[in-house]
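Me: I'm new to this one. Can you walk me through it?

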Amino acid sequence: AVNCGTIIGQTATHPTNNYGLPSLRTALCGAVNDFAAKYPGSTLTFNDMSLQWGGLFDINATWAPPHSGHRWGDNEDLEHDFLDPRRWPTLRTILRNNNLSIYDEGNHWHLTVLD
């Protein structure tokens with residue numbers, strides 16, 4: 001079975017905040033499955049992909065930035081705080097091997113699929 005991770009962060013303002021391009025979904029599912037193969041029983045938790053219709057991601061329900069990159073369905077946030085930090089280096093390698101770039105934003109990693 002294909003595991004594509006756990007989605008969090010839906011709000012009343014944006015109950016469908018995890019729209020993604022097929023290339024992003026393929027990369028994320030690959031990373032989740034590779035991580036689970038390395039660490040059986042593990043999954044990855046994602047937040048704030050894109051709004052279903054695109055446009056400014058209204059994270060604070062104010063229609064103002066941040067999250068300006070979350071407009072086209074090619075970005076996703078990975079909540080790494082749910083994971084043992086000793087697994088982060090392996091996870092970084094897995095993400096890169098699945099065509100994802102990583103930008104560390106402190107409490108999460110911002111992922112972008114590379115075309």
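Predicted model: local features only at pLDDT ≥ 70, side-chain atom pairs only at ≥ 80, totals over all residues.

Me: Okay. How many residues does α1 have, and how far does it reach?
Reply: Helix α1 has 17 residues and reaches 24 Å from its first C-alpha to its last. That is close to the 24 Å expected at 1.5 Å a residue.

Me: Which residues of α1 are buried?
Reply: They are L24, A27, L28, C29, G30, A31, V32, F35 and A36.

Me: What do they pack against?
Reply: Two groups of elements. Among the strands there are β2 (45-47), β3 (75-78), β4 (100-104) and β5 (109-113). The other helix in the list is α2 (88-97).

Me: Back up a bit. What's the overall layout, from the N terminus on?
Reply: The order is β-α-β-β-α-β-β. That gives two helices and five strands in the protein chain.

Me: And how much of the chain is buried?
Reply: Buried residues make up 43% of the 115 residues. The accessible surface comes to about 6,100 Å². Carbon and sulfur atoms account for 55% of that surface.

Me: What about contacts between residues at least 6 apart in sequence?
Reply: Of those contacts, 62% join residues at least 24 apart.

Me: Where is C29, and is it buried or exposed?
Reply: C29 sits in helix α1. It is buried, with a relative accessible area of 16%. The cut-off for buried is under 20%.

Me: Now α2. Which residues are buried there?
Reply: L91, I94 and L95 are buried in α2. Seen down the axis of α2, its buried residues fall within an arc of 100 degrees, so they line one face of the helix.

Me: Why would residues a few places apart end up pointing the same way?
Reply: An α-helix has 3.6 residues a turn, so residues three or four places apart point the same way.

Me: What's on the face of α2 turned away from the buried side?
Reply: Exposed residues: P89, R96 and N97. As for the buried residues of α2, their cover includes α1, β3, β4 and β5.

Me: What comes just after α2?
Reply: N99, among others, with a positive phi of about 70 degrees. N99 has that positive phi although it is not a glycine. It lies in the loop between α2 and β4. N99 is partly exposed, with a relative accessible area of 37%.

Me: Switching to the core. Which residues in the largest nonpolar core touch the most other members?
Reply: L44, L78, L91, L95, L100 and L111, out of 19 residues in that core. At least two residues of this core come from each of α1, α2, β4 and β5. The largest share, six residues, comes from α1.

Me: Tell me about L100. What does it touch?
Reply: Leaving out residues up to four places away in sequence, L100 touches L24, A27, L28, A31, L95, L111, T112, V113 and L114.

Me: How do β4 and β5 pair?
Reply: They are antiparallel, over five bridges. S101 stands opposite T112 in β5. The two strands form a hairpin with four residues between them. In the turn, G106 has a positive phi of about 90 degrees.

Me: What else pairs with β5?
Reply: β3 does, through four bridges, and those two also run antiparallel.

Me: How many residues of β5 are buried?
Reply: Five of the five are buried, so β5 is largely enclosed by the rest of the structure.

Me: Which way do they point?
Reply: W109, L111 and V113 point one way from β5. H110 and T112 point the other way. In a regular strand the side chains alternate between the two faces of the sheet.

Me: Last one. Where is I102, and what is it in contact with?
Reply: I102 is in strand β4. Setting aside neighbours within four places in sequence, I102 is in contact with R92, L95, R96, W109, H110 and L111. Its C-alpha atom is 9.9 Å from that of E76, which is 26 residues away along the chain.

Terms used:
Residues numbered from 1 in each chain as written. Heavy atoms only, no water. Buried < 20%, exposed > 50% of the residue type's maximum accessible area, 1.4 Å probe, protein only. Contact = heavy atoms within 4.5 Å. Areas by Shrake-Rupley, 256 points an atom, 1.4 Å probe, with all protein chains shown as cover. Expected span 1.5 Å × (residues − 1). Arc of directions from axis to C-beta. Core = buried A, V, L, I, M, F, W, Y, C linked by side-chain atoms within 4.5 Å. Pairing = 2+ DSSP bridges.
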